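Here is a short briefing on one protein chain. Keep the sequence and the 3D view open while reading.

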Amino acid sequence: MHLAMAKGSMLKIEDGRGIVVEVKRGMLWLTQEGDTRDRYIREGDWLRLDADGLAIANALARTVVAVSSAEGSDARAPLLARDAAGHSVVMREPLLARLRRLILQPQGEIA
């Protein structure tokens, strides 16, 4: 999946362990939940996310990004959606399945 990003736009990746982010054109700044390092990914470079949780990428210039599953990672292909704020969100679980899981599975005890 390819995504064109305007300068300053944001890409959120939820539970993306094994997802590969490759910059085809432009430059991204990327940070992952639980990782204190900031990553800068330039044209022609890529990064495989090594943890679940939230990863956020910000386009430092007009950027084209390829998002794919790494070989041997979770077989579910990444899907692209938009959140309420209009940001692009990459997730592994189809949106309808995710909503069913969140609505139908208990999230904890109700007092």
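Asp35 counts as buried, at 17% relative accessibility. The cut-off for buried is under 20% relative accessible area, so Asp35 falls on the buried side. Two arginines meet this aspartate through salt bridges: Arg37 and Arg39. The model is predicted.

**Salt bridges**

- How many salt bridges does a search of the whole structure find? The search finds four.
- Arg37 pairs with Asp35, and their closest N and O atoms are 2.9 Å apart.
- Arg37 is partly exposed, with 45% relative accessibility, whereas Asp35 is buried.
- Asp35 also meets Arg39, side chain to side chain, at 3.3 Å from N to O.
- Shared partners join Asp35, Arg37 and Arg39 into one salt-bridge network.
- Another of the salt bridges links the side chains of Glu22 and Lys24, at 3.3 Å from N to O.
- Glu22 is partly exposed, with a relative accessible area of 26%.
- Lys24 counts as partly exposed too, at 38%.
- As background, side chains of opposite charge can pair when their charged atoms come close.

**Overall make-up**

- The protein chain holds one helix and 10 strands.
- The protein chain has 111 residues, and 37% of them are buried.
- Take the contacts in the protein chain with a separation of 6 or more: 61% of them join residues 24 or more positions apart.
- The accessible surface of the protein chain is about 7000 Å². Carbon and sulfur atoms account for 53% of that surface.

- Four strands make an open sheet, in the order 1-8-3-6. Their pairing is antiparallel.
- Which strands stand at the edges? Strand 1 and strand 6 (46-48) do.
- Each of these edge strands has a single partner strand, so one side of each has no neighbour in the sheet.
- From one strand to the next, the twist averages 20°.
- Strand 3 and strand 6 are joined by three bridges in the antiparallel sense.
- Val20 has Arg48 of strand 6 as its bridge partner.

**Strand 2 and its partners**

- Strand 2 pairs with strand 7 in the antiparallel sense, over five bridges.
- In that pairing, Lys12 stands opposite Ile56 of strand 7.
- Strand 2 also pairs with strand 10 (residues 88-91), here in the parallel sense and over three bridges.
- Leu11 stands opposite Ser88 in strand 10.
- In a regular strand, side chains alternate between the two faces of the sheet.

**The nonpolar core**

- The largest nonpolar core has 18 residues.
- Which of its residues touch the most other members? Leu11, Ile13 and Leu28 do.
- At least two residues of this core come from each of strand 1 (2-5), strand 2 (10-14), strand 3 (19-25), strand 4 (27-32), strand 7 (54-59) and strand 8 (63-69).
- Which residues does Leu11 contact, leaving aside neighbours within four places in sequence? They are Leu3, Met5, Ala55, Ile56, Ala57, Val67, Ser88 and Val90.

- Val89 belongs to strand 10.
- Is Val89 buried or exposed? Val89 is buried, with a relative accessible area of 5%.
- Val89 and Ile56 are 33 residues apart along the chain, and 9.3 Å separates their C-alpha atoms.
- Met91 counts as buried, at 6% relative accessibility.
- Met91 and Gly16 are 75 residues apart in sequence, yet 6.8 Å apart in space from C-alpha to C-alpha.

Terms used. Residues numbered from 1 in each chain as written. Predicted model: local features only at pLDDT ≥ 70, side-chain atom pairs only at ≥ 80, totals over all residues. Heavy atoms only, no water. Core = buried A, V, L, I, M, F, W, Y, C linked by side-chain atoms within 4.5 Å. Buried < 20%, exposed > 50% of the residue type's maximum accessible area, 1.4 Å probe, protein only. Contact = heavy atoms within 4.5 Å. Pairing = 2+ DSSP bridges. Axes fitted to C-alpha atoms, helices over the stretch in contact; angles between N-to-C directions. Areas by Shrake-Rupley, 256 points an atom, 1.4 Å probe, with all protein chains shown as cover.
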